[in-house]
Amino acid sequence: VLFLQIVHILNMTSAKIVSFLLHPEESLHSLQNRIEFETGISTGNQELLLETGICLDPRKPASQCVIDGVRGWDSYMVYLFDKSRTVYDGPFASRSLSDCVNYIVQDSKIQLPIPQLRKVWAEAVHYVIGLKEDYSRLFQGQRAAMLSLLRYNANLIKMKNNMVSASQQLKAKLEFFHQSIRLDLERYSDQMAYGISSEKMLKAWKEMEEKASQCAQAEDIGYLDEQIMALHTEIVELQKSPYARRQGEVMESLEQRAIDLYKQLKTRPPDHAYSDSTDMVKIIVQTVQSQDRVLKELFGHLSKLLGCKQKIIDLLPEIEVALNNIKEADNSVMQMQGKRQREIWHLLKIACTQSSSRSLVSSSLEGTASAPAAAWLPQSSSGNTAAAHPLSSLAAPEDGENFADVIRENVNYLELFSSILQEVRQEQSSMMVS
């Protein structure tokens, strides 16, 4: 018997306890099928919570519902909630009266012998204690729901912080992108008259600026932030509510009065005296009324907790969508920034190539002009300037060879210049196509 594993499940929708004997290595899904058969709650809508508010892990066996050791195993509860419902309003019937207790409740003034009255009052005390314990278990189920809500809220706050951080980063990148592209467009317009121009590239840059303005919509998360803050305020108010704390003081005092009455009855001698049950019945009625009141308050508060939890569950996918939109906009902005920087460096490469080609042309022209002039200058000897004969300026055979070398060199420079210009035209046409 000590090795048997029994799980007690408190159905919070009906305030009733169902118990199951667990089979060795039984899966949680198997246990849920048995719960569905007993309670009518489908496995998809079942939420099984431990006292700490932790939901049972479907990957682990059903034995996770049972605590280790012998002490407290019979009072340990798993709390069953129906995820398709957020309002738990009863009615919840109190535990039934035994026949003998019901007998004195129907007629509290009936006279019974003391020995028989002791037995009846003992069951009456047991009934009063049971009402208080029923409330205590339901309150513990409400507390488990509160702890579960706080876990969901912690996850919501974490996702909200990630969303706000990503939104702020996107906003900073968009501001940097807009300032950069405005400056690039101004500088580009200034140099169009004397530098490099491309209408296609200019149009692409303006389209980037418009697309960046559209990306700014992704950073607008104000509507989500407002909902989260309002929900957070509501959860804080639920935590501060008096109904979030135990309300069984009246029932505990009635329990103690019932015990004291029974003790007084036990001290009376078992003679032939008779007595009625007016005082005990009054305690029973007050306890039932007190339980009805506190259960109504408890389930009203529980419904608010479950309503907040459902709001969080509905908000989480919206936050996921907002995060994905922010990430997509962030990637788009970075890709546009990278593309524009590559185009700027491409323009710089073309400008450098044109500058180097101009310097090569100018140096070749200077060399062509100086070489013939030197060849046709009059020759001097011994440092004295003699009157030159008109025919002395004609080129000698050696001079003719030097002139032919200069011509060949100029032809080579012209061919090099032509190839450079052709390469520049190809790069400009490829940039316009891109």
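## The model and its overall build

What you see is a predicted model, where local features need pLDDT of at least 70 and side-chain atom pairs count only at pLDDT 80 or more, while totals for chains, interfaces and linings use all residues. Residues are numbered from 1 along each chain as its sequence is written, and side-chain values use heavy atoms, with hydrogens and water left out.

The protein has 8 helices and 6 strands. These are DSSP runs numbered from the N terminus: helices are H or I with at least four residues, strands are E with at least two. Starting at the N terminus, the order reads β-β-α-β-β-α-β-α-α-α-α-β-α-α. Of the 434 residues, 35% count as buried; buried means under 20% relative accessible area, exposed means over 50%, and partly exposed is in between (1.4 Å probe, protein chains only).

## Two helices side by side

Two packed helices are described by the angle between their axes and the distance between the axes. Here, the axes of α3 (residues 114-191) and α5 (residues 222-240) come within 11 Å and cross at roughly 155°. The axes are lines fitted to C-alpha atoms over the stretch in contact, with angles running from 0 to 180 degrees between N-to-C directions.

Who meets whom? On the α3 side, the residues include Leu149, Asn153 and Lys160, and on the α5 side they include Asp225, Ile228 and His232; contact means heavy atoms within 4.5 Å. The residues of this contact divide into 12 nonpolar, 3 polar and 2 charged. Ala, Val, Leu, Ile, Met, Phe, Trp, Tyr, Cys and Pro count as nonpolar, Asp, Glu, Lys and Arg as charged, and the others, Gly among them, as polar.

Is His8 buried or exposed? His8 is part of strand β1 (residues 6-11), and at 9% relative accessibility it counts as buried. Its side chain makes a polar contact with the side chain of Ser19, at 2.6 Å. A polar contact is a pair of N or O atoms within 3.5 Å; within protein, one must be able to donate a hydrogen and the other to accept it, and residues adjacent in sequence count only if both atoms are side-chain atoms.

## Two loop residues with positive phi

Most residues other than glycine have a negative phi. Ala15, though not a glycine, has a positive phi of about 60°. Ala15 sits in the loop between β1 and β2 (16-21) and is partly exposed, with a relative accessible area of 28%.

Glu25 is not a glycine, yet its phi is positive at about 60°. Glu25 lies in the loop between β2 and α1 (28-39) and is exposed, with a relative accessible area of 74%.
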